[in-house]
Amino acid sequence: MNDDAEQQHLAQANPGYAAGQLAAALRTAAAHPDPETRRRGEERGRRWRAVLDGMADGLLKIGSRTPVSGLPAWVTPEVVRGGFATGAPSAGGPLLDFEIAVARRAGVPEKRRALFGHFLSEEGLAHLYELLDSGRYEVTVPEEAALLTVAWLVRAGETDAALDLVEELAPFADRLRFSPRPSDRPTPRPDALHRCTVADASAVLARRRPSTAVETQREALAIWQPFGDELLLHWLEVTDEEGRLRVPGPTDAWHVRSAELLRRYRDLARRHTHCTKHLNPKENLGILRGALEETVAGRALEPRRLGLLRHAVASMVRRRGRPGSAKHTALRRDQAAQAALPSHHALARVVLARLSGLPQDDGVSDVAPIVAPVNAEEAARSGGRGEAAGSGVPAGAHIPSAVRRPVEAALSAPVGTLVERGVVPSAEVLAELVPQLVAATTAAAHREPVLRSLAAANYRAFRNRRSLLLLDLQRQVRVEELPWVRAVAAHRTDAGADEVAAAALRELGGLAVVAFPGTILPNLLIRELSVLARQAELGAPFVEELAADIFMGTFTPKFLTAARVAAELLGGGSLYERYYDIDYRAVRNLAVVEAGDAALRSHGARTSPGFAALCRQRAAELAPGTGTSGSWVAGNGAVIEQAQILTTHNLATLVHRVGIEPGVGWDELALRCFDSVCLLTGRVHHNPRPLGTIKDVAYAWRQMVFHLSLCAPQEQRNVLDRLTEETARRPWHIAGRLAPALTGLRQVMAGAPADAGTGRRLLGWSTGGHWFRPDPTPSRAHTPGVKPRR
């Protein structure tokens, strides 16, 4: 793509980015109207100031696996946006309340080193044994699992391993928190999978406040419209059939009732302040009230006010009928029923009370009872009887979807069920949940239940560790590098562990592909799939999506390995190979040559120069202008896209090595991908900054071509016909943009290149202007062989 301003610039290892983030944080802290937002801005400012200070004095080396001087790679660093370490460890800082309580109970100084020594004493180890057995502890950062691991090793008779671990931890005992947090509840079940906890759902419902707009409407229906009817009837008493008003003398009973109506009005206006329409002197109610006040005060109505009054009375009767008539009575009955409906705020309070009796740190195993209609006992507690309309909750009231949603998000169920019910709406949300499942799979390798629970808690905490900005192809720290994980590695069993991991990998990979076929796998999900692949020993290479603005121009060897897997699956003339003009035989040969070169070296290869050169060559040929003009970020993006094309960005690995098999069929997945293509294409029209969306369109299109390539030739032709028909049903601007891409696909099926004639190969990146970007005109919008819908 050729517009720098439209690219999202990720953090680079330079002080300018950090200075810009600090300035933004300070502006927020100084000028934002919300106090809580200002407080968060101050905290962000503190962290970015620490980043700049550390970079200036040499204590921070941004881009390294060990960015903080004096701290090993396994220490969890405090990381801010863009992967910058602040210099502070996440397990550091002042003593927390639970640490102070332990120190005071034990009679030791309120210092971390003293606490470290206490937990190695007989009394301290006994306390750790109790926590291990009860499971009533929390691990929020991985370091909090360290002393629990020491205790487990001591009790298991592994004294040497425990001493080795203590020796490695001891130099940091004064700075880091190695002790666990006590908890009122046991650690979550290793197999529990939920998007949020009961406490999270309760917090969302507790924040719900009455809607001003809803309460205003309720007040208008329940209070002011009935009062307006009374005023109308009162004026109708002195109005003849021809609409003439005959106001009686001041001693008449009509005047007495007039004064009483005005007293009631003032009382209602004092107590009901949401709806202010009655205050408008141009509204019918305001006209009726104003005329009544003039009359009660003994003043004759001026001709203008008298005319307004006659018009208001006539229009109210003409619109709704005379109060008491069948038409008017039916209308007010319906409006009263609407006003009596309980508010979402009141119903949220009912659901909140139901949630209060459940374990707060877990999910909800059965949502149905929590969102069932209101029962008689709950209605009585809410004041649903004998109260003003809307102030209580009647028995039988249904819980609306807006109140159900937070509870459904806390459903604890198999991940497939969560996706099916819409609790997991995207691949990104799936990626957030997967660490819970991988934690259980990883921990299952330990025979001993206590160690299994500890391993799961440690893994969940480790997955909360934010990624560092790394340069020179360095990789993020893995969980097996933590000293306390290495200390118990000998207690893992390989019996059946690889099969369990392989099954979990097939389930998760297949679920992601089937549920979100038009979305590339997010990096967070790829990281978890890689963990399972290593445990399953499948030799399945998973590759991440690389950032174009920190791309160093090289790829690690696993990219070439992934491309070779794709060649094994798609080589030999597949639709995918022909559409993207790939020579997979050359890719296989390159992989063999580089594997041989690596075997001759004494150390493992860190890069794949041949693969990088191939991607650059393809980008120059398929994305004109790459490397010669336009944005350097776009040039990098075009090279990275070619790597994704050659590797299929993990799809071939999932199919060929992991063995996923979608039950719906590859043709159905191709059609679902096309739905995503059309949806995204619609967002390009009249979009002043469309380049990011065009990239997503091309990625969804690539996945569609992959799925289509796994279909038989006749199935491919049938799907293409359906794509053509579906395009014709879309708005003309979508059909216009996709017509060249569909023509290119049809040409490839017929044996011609995709970019011949009017056909175009759909790619996401370009440095010379993208053909997909200009808005089409209705006259140009067409799909081959099908008349577009106007």
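This is a predicted model: local features need pLDDT of at least 70, side-chain atom pairs count only at pLDDT 80 or more; totals for chains, interfaces and linings use all residues.
**Briefing: a helix, a charged patch and a loop**

Helix H26, which runs through residues 609-622, has 14 residues and reaches 20 Å from its first C-alpha to its last, close to the 20 Å expected at 1.5 Å a residue.

**Helix H26**
- Several residues of H26 are buried, namely Gly610, Phe611, Ala612, Cys615, Arg618, Ala619 and Leu622.

**A patch of negative charge**
- On the surface, a patch of negative charge is formed where Glu158, Asp160, Asp164 and Glu167 gather.
- One of these residues, Asp160, is found in helix H7, which covers residues 159-169.
- Asp160 counts as exposed because its relative accessibility is 60%, and the cut-off for exposed is over 50%.

**The loop between H27 and H28**
- Thr648 is found in the loop between helix H27 (632-647) and helix H28 (651-658), and its phi is near 60°, a positive value in a residue other than glycine.
- Thr648 has a relative accessible area of 1% and is therefore buried, since buried means under 20%.
- His649 also lies in the loop between H27 and H28, and although His649 is not a glycine, it has a positive phi of about 45°.
- His649 counts as buried because its relative accessibility is 1%.

Technical notes. Residues are numbered from 1 along each chain as its sequence is written. Side-chain values use heavy atoms; hydrogens and water are left out. Helices (H or I, at least four residues) and strands (E, at least two) are DSSP runs, numbered from the N terminus. The expected span of a helix is 1.5 Å times one less than its number of residues. Buried means under 20% relative accessible area, exposed over 50%, partly exposed in between (1.4 Å probe, protein chains only). Patches are made of residues with over 30% relative accessible area and no salt bridge: like charges are joined within 9 Å, nonpolar side chains (Val, Leu, Ile, Met, Phe, Trp, Tyr) within 5 Å. Accessible areas come from the Shrake-Rupley method with a 1.4 Å probe; for residues, only the protein chains shown count as cover. A salt bridge is a side-chain nitrogen of Lys or Arg within 4 Å of a carboxyl oxygen of Asp or Glu. Lys and Arg count as positive and Asp and Glu as negative; His and the chain ends are not counted. The place of a charge is taken as NZ of Lys, CZ of Arg, CG of Asp or CD of Glu.
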